[in-house]
Amino acid sequence: MTYEVKSLNEECGVFGIWGHPQAAQVTYFGLHSLQHRGQEGAGILTNDAGKLIRHRDTGLISEVFKNPANLEKLTGQAAIGHVRYATAGEASIDNIQPFHFKFYDMEFGLAHNGNLTNTKTLKKELEHNGAIFSSSSDTEILAHLIRCSHNPSFMGKVKEALNTVKGGFAYLLMMEDKLIAALDPNGFRPLSIGKMANGAIVVSSETCAFEVVGAEWIRDVKPGEVVIIDNSGIQYDTYTTDTQLAICSMEYIYFARPDSNIHGVNVHTARKRMGAQLAREFKHEADIVVGVPNSSLSAAMGFAEESGLPNEMGLIKNQYTQRTFIQPTQELREQGVRMKLSAVSGVVKGKRVVMIDDSIVRGTTSRRIVQLLKEAGATEVHVAIASPPLKYPCFYGIDIQTRRELIAANHSVEETRQIIGADSLTYLSIDGLIDSIGLETNVPNGGLCVAYFDGEYPTPIYDYEKDYRRSLDEKVSFY
């Protein structure tokens, strides 16, 4: 069986703003800062005195708005934007957000980060009651639930809908007179609020966007919270009190930018602590530390500082190559890895190298990086992973939804070591991960979701339960 060289991918990123004369332009810059969260499509919807205007397309944000006219037409002082990577729904323009819904009595825009776990059940019920879906994205579910609600107030309809959908979600809802932000009861996906110098309020999946647009962080949206932003200011409300923080640990390990802060913890600092803890758990002798660029460089710093080994730039990343998993043949995929990464022979030759990476998904990339280092003259390559073995799928917004895709779910650590050709393989322990991030001390798993490592999901997985249970009995050989 052939496995493509494909890394983990977050579903998307959202950005919103209220009260700025150049709302679309600010949103463009905000989305540019969130581009790492989705590269398949992007869109912006603005509110110009109650009139909603939208532009969306496939590709990077710079490609979607390559024609200046597409941004100039988005007038108004409020906007929501979205960058997409498809986990639920196809990568077609119909699924690119923000969605724009027009009804006889109202209209609104909707953007969503995450993945719902009861989509199939809800969609079947809604279609049975006459709903018509224009996309295959689970995001559209919320709009239909709002419209179907018999609650007399609009916010009552929104709260009822938020209590009906299950899974991971961070929503931005643009109305004619307000911007609404909402987070799921576990806070799986990050969502923060900031304020610009002119008083404009911004909402973003990551705080790294605040620095770019000149906003100051106010606070994070809390699990189970719904935030209403309008001309009178910010109103904080809740749609449920049945909450338990379980932020996705992969945000700290891999997804988020190192300059972002999530629930008060800086991502770069957390990754350095992970690297330091990994060094304490590492049991082998080596000469140098080499981080796999770019998401593993922080962990490599922490490992080197703790171990006393020099942190060397033994791998160089070419920032201008296409993603290797889209190459049509295995031969071209392997060539693609060499185009993306180069081993520096003058650094690694004759050395026992500790190769630091953030995770191993299928093992194909790790195997080829080990091979690159050895071909460059490394006498030994010890692979150290700054996260526990990735054994279980995610149902809250990551594109790994089957154990068949995960090498650690199908092979022991020793078998995985042999497959990737390393001289040793060390994973960070789950307790080491939780302590390194240091989020909370009085809640389960320190306020983190670590289901990808231990299979203990913080919520029911509803529509995925049957297939997941079946997958526990499946074994796939990666040899």
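Predicted model: local features only at pLDDT ≥ 70, side-chain atom pairs only at ≥ 80, totals over all residues.
Figure 1. Ser295 is placed in a loop, whereas Asp357 belongs to strand β21. The side chains of Ser295 and Asp358 make a polar contact at 2.4 Å.

Figure 2. Is Ser295 buried or exposed? Ser295 counts as buried because its relative accessibility is 19%, and the limit for buried is under 20%. Apart from residues up to four places away in sequence, Ser295 touches Ile253, Tyr254, Arg271 and Asp358. One of these, Asp358, also meets Ser295 through a polar contact between the two side chains.

**Figure 3. Surroundings of Asp357.** Strand β21 covers residues 352-357, and Asp357 lies in it. With a relative accessible area of 7%, Asp357 is buried. When neighbours within four places in sequence are left aside, Asp357 is in contact with Val292, Ser296, Ser366, Ala384, Ile385 and Ala386.

**Figure 4. The five-stranded sheet.** An open sheet contains strands in the order β18-β17-β21-β22-β23, and their pairing is parallel. Which strands stand at the edges? They are β18 (311-312) and β23 (424-427). Each has a single partner strand, so one side of each is left without a neighbour in the sheet. Strands β17 and β18 are joined by two bridges in the parallel sense. Val290 has Glu312, in β18, as its bridge partner.

**Figure 5. Helices lying across the sheet strands.** Helix α10 lies across β17, β18, β21 and β22 (380-385). The angle between α10 and β17 is about 165°. Helix α13, made of residues 364-375, lies across β21 and β22. Its direction is at about 150° to β21. The strand β21 that both helices lie across is also the strand that holds Asp357.

**Figure 6. Ile316 and the residues around it.** Ile316 is found in strand β19, which covers residues 315-317. Its relative accessible area of 36% makes Ile316 partly exposed. Which residues does Ile316 contact, leaving aside its neighbours within four places in sequence? They are Pro293, Lys340, Leu341, Ser342 and Val344. Ala343 is 27 residues away from Ile316 along the chain, and the C-alpha atoms of these two residues are separated by 6.4 Å.

**Figure 7. The whole chain, for placing the close-ups.** The secondary structure of the chain amounts to 18 helices and 24 strands. Along its principal axes, the C-alpha trace spans about 70 × 50 × 45 Å. The radius of gyration is 23 Å, which agrees with the value near 23 Å for a compact globule of 479 residues. Of the 479 residues, 59% count as buried. Among contacts with a separation of 6 or more, 70% come from residues 24 or more positions apart.

Conventions: Residues numbered from 1 in each chain as written. Heavy atoms only, no water. Helix = DSSP H or I, 4+ residues; strand = E, 2+ residues; numbered from the N terminus. Buried < 20%, exposed > 50% of the residue type's maximum accessible area, 1.4 Å probe, protein only. Contact = heavy atoms within 4.5 Å. Polar contact = N/O pair within 3.5 Å; in protein donor to acceptor, adjacent residues only side chain to side chain. Pairing = 2+ DSSP bridges. Axes fitted to C-alpha atoms, helices over the stretch in contact; angles between N-to-C directions. Rg over C-alpha atoms; globule rule 2.2 N^0.38 Å.
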